[in-house]
Each structure stands twice: as structure tokens, then as C-alpha cells.
Amino acid sequence: MNLLSLSWKNIMNKPLNLLLSMVLFGLGIGLINALLLMDHQMKEQFDSNLAGIDMVIGAKGSPLQMILCSMYHIDNPTGNIGVGEAKPFLNPKHPLIETAVPLALGDSHRSYRIVGTDHSILSLYEAQIGEGKLWEQHFEVTIGRVVADETGLKLGDRFQSSHGFNDDVDLLHEHGDGFVVVGILQPTGSVIDQLILTTTKSIWDVHGHEEGAEETHEDHAGHDHEEHDHEHDAAGFHLLDYPDEEITNILVKFRNRTNFQALNLPRNINENTDMQAASPPIEINRLYSMIGVGVDALRNIAIIIALVSAFSIFISLFSSLKDRKYELALMRVMGAGRNKLFLLIILEGILLALLGFIVGFIISHIGMEVIAHYAKASYRYSFTGFLFLKEELVILAVSLLIGVVAALIPAFQAYRTDIHETLSK
Amino acid sequence: MCYGVSYITLSNDNRKATLKSDVRLLMLSTKNLAYTYNDTDWISFPDMDCLSDQRYLIIGQSGTGKTTLLHLLGGLLKPKKGSVSINDQDLSDMSGQALDRFRGDNVGIIFQQTHFMDSLNVEENLMIAQKLAGHAINKAEITTILDKLNIGHKQSAKTKNLSQGEKQRVAIARALINKPVVILADEPTSALDDKNCLEVVDLLERTADDANATLLIVTHDNRLIDHFPNQIKLS
């Protein structure tokens, strides 16, 4: 039996007061902690998918939408751009551009996006083949690890794509034998884990069939489509040979990102072409600042709740002093100094705050796990409630400090307990 | 003035150890003790020299300062005039912290109203009394004293669930658990019928005997007068 265990028993002796303080404090702390977890994981996700990309080129529209669509695959395309128009930026000899990765979007399989591109996309995300091989022929696909895990697709499996990005059987493309899985990438922790990669021409061909186009590429040299047979060799496929076709975006890495001309390139594209160029870090910062307004509002609400709960701890301790004045006087009679009475009440404040923190901690992590479940279903983003941050220790310290501050006045009242006056009544 | 046999004084360290012997020690004394609540009306108390192993009754009607005297003797109140010594220690020489510790170690007080730590059970109430007095927790001693007072079976009970008689016994056990040299009891029988009154007096005498402690009972209950030859009358 010591002061700590006495404090513990004292707060447990008033279960309703304890419950009120814990629920209020837990809600405030839980909300703050959940915001912290969400903010951290969102930034981590966004940052990991920046992949060193300096510029994205696409159709005119919202630059943020274009970035979200082409890099994070969570929004719709702003439109398509002509290969002929984009040709200068796809030229491997461009003096400012080190890597230009074309993306052709528009289809999906069970909500996982099918991306028509070339192998250069792998270098952006440092992705490597895990099983099988990389896509070579048209209608061959190499899938990300998450796609394999979630859809159960294996090497050799075939599937038909859906138009758009939703899992809707009414929008299913009917195109020969469909796509065949030839490879599965190793997990990278980036968005490529959630993509189905194939040749750009595969995407064109699917849509060519849907629109009833009579093999619109027949004119292209070396490309004689043979009655829906997509097993033909794609090794000779060169995107620039199809200036009349369209792609959705180009992901660009500069040779030198501090080069003045490179920095001006997005502005030049926006001013002098029918395309738009956007810088991912700028757009993501813009997104953070937009989200930040809501996050700040929620954080302020959480702080108000935490302050109200601190006040409830104060009221709880202060009102209990009236009932416990004889107990406190008795403690003095039995040998406890004034300091011990002060410490006893402070410990009770700390314990109430600690219990509130624990409730808030559990609420925030369970809440985050629930949000993660929905985020994964809606956006394919893998948040988790089982992430524990160093910043949570700061929240713990602040919680305990709130407990101390809330207990100060009651503790001082206890310190001033007049034994004679109390026990004479 | 306390009535009793002649006494001797011993060094402070030897006092508790010597209590088991037949020698009677001066355990509590007051000199020129007086108190005022408003700086005009003074309550003066007779000088007292109380010996170990003796019983004293402090009697007086309401308003004669009985409780004030008890609180002065227990160090709960600082004298405005005069001095109180317990176990050869002048209480007014002690600072707040030292006085609290000294009181916990040397004085057991039984109040008219029994109050306990509501959050603790009987055993824990005695444990905290040991702890706050700076003693090591000794569960065996707690069990022994509760058994002596016939409430051993209530050791784990919450104090709020005890009968009034049981509460009084627990209060006595708590006052005695640290083997005090002086036991002060404030109106311990005022709310009791004759049968229970005698029982409590008997209990207090027996437990004080067992502890070789000086027992002072402050009361206005005339039923006790015949039981205690040593009496201090307040008027």
C-alpha cells in the first residue's frame, strides 16, 4: 500500500466520475491521435509515390486531378493527349528529360487499374520482377503484388478488363481471350503494387474493338493484327510510330532538376501547347494545404474536447475533496505530511489522464484500422491502425501534464487541509 | 492534574522499549496550556503529568474545551500558550512534517465519528496507517490486532459495509496498529447504550493494557466516571 495504489483505489472508488473523465479525455486524445496517424500515413503514402517524378504531362484540366490520377491512381484522367503532340517529350534524346514514362489509362480489373506503359516505369518505383517475367507481347500483363494477393490472379490466368475504374460487370470488355498474367512484381510499398501493367497498344486495341474500329493501326508499319490474336510479337512496337493514337499522361524525370530550363519546362508546356504540365511536389503541397484546413479544424475541436475533459478532471477531483475531507484529515493524523496529500491528488489527476490517454489511444488505433479498411476498399491505399509513432509519446506526455495541471488546485486545497477544523465538525 | 503513582523519566530512545517493564514513565505532560480562537476568550487547561500504562478520564460539559484539549494533546492544534510534551518531546518544537510523523508514530487517536478511507477495505485502512507513520507494512500484526478485537473476519470488508460497532473496533485497531505510547479517545461512548458503552470501555482498557499505552478519554459521559480513578475535570 503506497500513495500510488491509494490514488488508484480512490479513483476506482468513484466509477461514474472515472467513466466521465475517461470518455471525455479519451475522445479528445483519440481524435488528436487519429489525426496524427492519418496525417502521417497520408504523407508517407504520398511521399513514397512521388518516386522522383519531376513533372507530369497530360490533357488540360485540373493539375491536381492529373497528379492524383497518374501518380496515385485515385482520380479520373483529365483527358488524353496525342502521341504526336507529346512526341518531343517522349524522345529519349531530349536534352532535359532523363526518363519519360507514357501511361495509357482507362481500364481496370476488379477496380485495379490497367496501365499501358513500357518497362521504364519499373525504374521509377524501383520495382523488380518476383515471379514469371515482364510483359512483352500485347495483352500480356505483369501485376503488382497487392493485385496478385487481393484478386488471386496467378501466372497464366486470363481476365477481361472493365471500362473505367469501377468493378462493374456491365462495363466488361469482350475482347478475345483477354489479358494473360505473365509476371508478378516483388512488393515495393508504392502504388505500383496495385497496378496491372501491359503494353500501351493493348489498351488501344481493347478500346478499338469496343468502338468497332476496324483495326485502326493497320496502317502502322510492322503491325498487322491477325483476327484478335494478341500473341503477336510486340518487340518491334514503338510508341512514336503511332502519332495519331492517344495516351493519358507522361511521367517525367529531369536529367538535372535544378536546371533552369528544366524548371521552366512546365510553364512552357502550359503556355505553348494544348497539354498541361504539373509539378507533383507543388500539387501535393497544395493538396496538403487544402486538407490541412479540415485537419486543423478537427484538431482544434479535439483540443477543445481535451480542455473540457481536463476541466472535468478538475471538477471531479475538486468535488471529491468535499466528500473526502475527513479522509485527508485522517491521513494527516496518521502521519502524512501536507506534501503527501498534495502528491496524492496530483497522482489521481495523472492516473485519470493516463486512463483517458489509454482509452483515446485504443479508440484512435481501432478507428484508424476501420478507416484503413474503407480506404483500402475505396482507394486501394493501405493505411493501418497498427502503426505506432514517436509523436504519440509526446501526446502521452501532454496528457499527463494536463492531468497535473487539472489536479493542481484540488491538490493545493488538500495541502491546506486543517485537521483540527475538519475533525472538530 | 493527573492522579497516579510517582514516575521517572528516561531517554527518548529507551522509552518504548522500557514500557514492557514495571517502571512507569512520564508519557504526556502539559504546562500552562491555553488556547483561544478569537484572541479574547481564553481556554486554560490544568497541567497534566500522565504516566505510561495508566488510564485518564478528561471530563467536562459541552463548550469546556474537551475536543480542543484533545487536539492540543494530539498535536492537531498548536497551543497559543504553554506546552505539550509526549514521550519527552515538546510538540511545539517540531516542524509540520516532523510533527505529522511523530504523531503517526506515537499517538493513536480515536474520534467520536469513525472515518475511514472509503476506497480501502479494513486491512488496507490499517496498512495505510502503518505506511503513513513510516512503518513497514506488517500484515501479521494487522491480523493479530483485528483478531484481538474480534473483527478478524472483516479484514477484507469495505469499511462502509460495517456496523457501527465494527467500525468503532476498526477505528481502535487503526489507532493501535503503530503501537502508540499515547491513545486519545474523543467521546467514544456518547452514542452508545449502556451495554455497548461498557463493552467499548472494556475494549479500550484491554487494548491499551496490551499496548502498554497511556489512555486518555475525553468525554462528558458520566457513565464512565466510576471506571477511571484518574480524572481531569474541565470547567
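I took strands as paired if DSSP finds at least two bridges between them. Helices (H or I, at least four residues) and strands (E, at least two) are DSSP runs, numbered from the N terminus.

Before going on, I noted that this is a predicted model: local features need pLDDT of at least 70, side-chain atom pairs count only at pLDDT 80 or more, and totals for chains, interfaces and linings use all residues. Residues are numbered from 1 along each chain as its sequence is written, chains are lettered from A and ligands numbered from 1 in the order in which they are written, and side-chain values use heavy atoms, with hydrogens and water left out.

**Hairpin, chain B**

I found B:I86 opposite B:Q89 in β6(B). Two residues lie between the strands of this hairpin, and B:N87 takes a positive phi near 55 degrees. I then followed β5 (residues 81–86) of chain B to its pairing with strand β1 (residues 26–36) of chain B. Those two run antiparallel, joined by five bridges. B:S29 has B:S85 in β5(B) as its bridge partner.

**Open sheet, chain B**

Next I looked up the parallel sheet. It is open, has five strands and runs β7-β8-β9-β4-β10 in chain B. Which strands stand at the edges? They are β7 (107–110) and β10 (231–233) of chain B; each has a single partner strand, so one side of each is left without a neighbour in the sheet. Neighbouring strands are turned by 15 degrees against each other on average, direction ignored.

I checked β7(B) against strand β8 (residues 182–186) of chain B and found four bridges in the parallel sense. B:I110 has B:A185 in β8(B) as its bridge partner. Helix α7 (residues 194–211) of chain B packs on the sheet and touches β4 (55–59), β7, β8 and β9 (214–219) of chain B. I used contact to mean heavy atoms within 4.5 Å. The direction of α7(B) makes about 155 degrees with that of β9(B). Axes here are lines fitted to C-alpha atoms, for helices over the stretch in contact, and angles run from 0 to 180 degrees between N-to-C directions.

**Salt bridges**

I counted a salt bridge as a side-chain nitrogen of Lys or Arg within 4 Å of a carboxyl oxygen of Asp or Glu. The count over all chains is 25. One of them joins the side chains of B:R103 and B:D100 (2.4 Å, N to O). Both residues lie in helix α3 (residues 96–106) of chain B, three residues apart, about one turn of the helix.

**Interface of chains A and B**

I found 23 residues of chain A in contact with 27 residues of chain B. The buried area is about 2,400 Å², with 63% from carbon and sulfur atoms. This is accessible area (1.4 Å probe) that two parts lose on being put together, summed over both. A:M1, A:M334 and A:H420 supply 31% of the area that chain A buries against chain B, more than any other three residues.

How many salt bridges are there between chain A and chain B? There are two. In one of them, the side chains of A:K9 and B:E124 meet at 2.8 Å, N to O. On the side of chain A that touches chain B, α10(A) gives the most, with six residues.
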